[in-house]
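Welcome! Below is a short tour of one protein model, taken a piece at a time. Please keep the sequence and the 3D view at hand as you read.

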Amino acid sequence: MLKYRGTYRVMYETDTRTGQAAEFTFIPCRIRPGANIYRFSDNTLAAYIPGIKTVNKLLNEHPNIFRPFSIGDPEGVLLFNEEDITQAAIILKARVKGKNLSPKPKRKRVLTEEQKQALSDRMKKHNNKKLLEKNSVSYVKF
């Protein structure tokens, strides 16, 4: 999916435990929150769509592009050929904003020791200031 970087916003899956990038990439879509396009095989792409009504609507309106792979109660996965990605991206409203950004997450940053120390000092100063303000206010009950 990295070859579509520059055309669509490509993102890596993120490991929720570590914040690091996982091995798979996807293109987020705006047709439904959580919808995305990912690689299924060498020349086939899949669209994950949460919402069975949207899945059925797409299958009825565009049977020449999409074919069902897995349809459950709350969600569905539709397959389409990689050659049809421009049509599918328009239909699924593939995200274009941020198309030139790096697909890797920014959550896990590598900091130098100087940067870590500066952040630590800043947080200590902020916490001490809050503590002093809290202790200096006296509450009077009537």
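## A pair of strands

Strands E3 and E4 run antiparallel and are joined by 4 bridges; two strands pair if DSSP finds at least two bridges between them. A hairpin of 4 residues leads from E3 to E4. Across the pair, Arg-39 stands opposite Leu-45 in E4. Helices (H or I, at least four residues) and strands (E, at least two) are DSSP runs, numbered from the N terminus.

This is a predicted model, in which local features need pLDDT of at least 70 and side-chain atom pairs count only at pLDDT 80 or more, while totals for chains, interfaces and linings use all residues. Residues are numbered from 1 along each chain as its sequence is written, and side-chain values use heavy atoms, with hydrogens and water left out.

## Aromatic pairs

Rings of Phe, Tyr and Trp (its six-membered ring) pair if their centres lie within 6.5 Å; planes under 30 degrees apart count as stacked, over 60 as edge-to-face and the rest as tilted. By this rule there are 3 aromatic pairs. One of them is the tilted pair of Tyr-4 and Tyr-8, at 6.4 Å centre to centre with 55 degrees between the planes. Both Tyr-4 and Tyr-8 are buried (buried means under 20% relative accessible area, exposed over 50%, partly exposed in between, with a 1.4 Å probe and protein chains only).

Phe-40 and Phe-69 form an edge-to-face pair, 4.8 Å centre to centre and with 65 degrees between the planes. Phe-40 lies in the loop between strand E3 (36-39) and strand E4 (44-50), and Phe-69 in strand E5 (residues 67-71), so the pair ties together parts that are 29 residues apart in sequence. Phe-40 is partly exposed at 39% relative accessibility, and Phe-69 is partly exposed at 49%.

## Helix H1

Which residues of helix H1 (residues 52-61) are buried? They are Thr-54, Val-55, Leu-58 and Leu-59. Seen down the axis of H1, these buried residues fall within an arc of 135 degrees, so they line one face of the helix. The arc is that of the directions from the helix axis to the C-beta atoms.

Turned away from that buried side of H1 is a face with the exposed residues Lys-53, Asn-60 and Glu-61. The cover over the buried residues of H1 includes E4, E5, strand E6 (75-81) and H2, where contact means heavy atoms within 4.5 Å.

## Helix H2

In helix H2 (residues 85-92), the residues Ile-85, Ala-88, Ala-89, Ile-91 and Leu-92 are buried. They fall within an arc of 165 degrees seen down the axis of H2, so they line one face of the helix. After H2 comes Lys-93, with a positive phi near 55 degrees.
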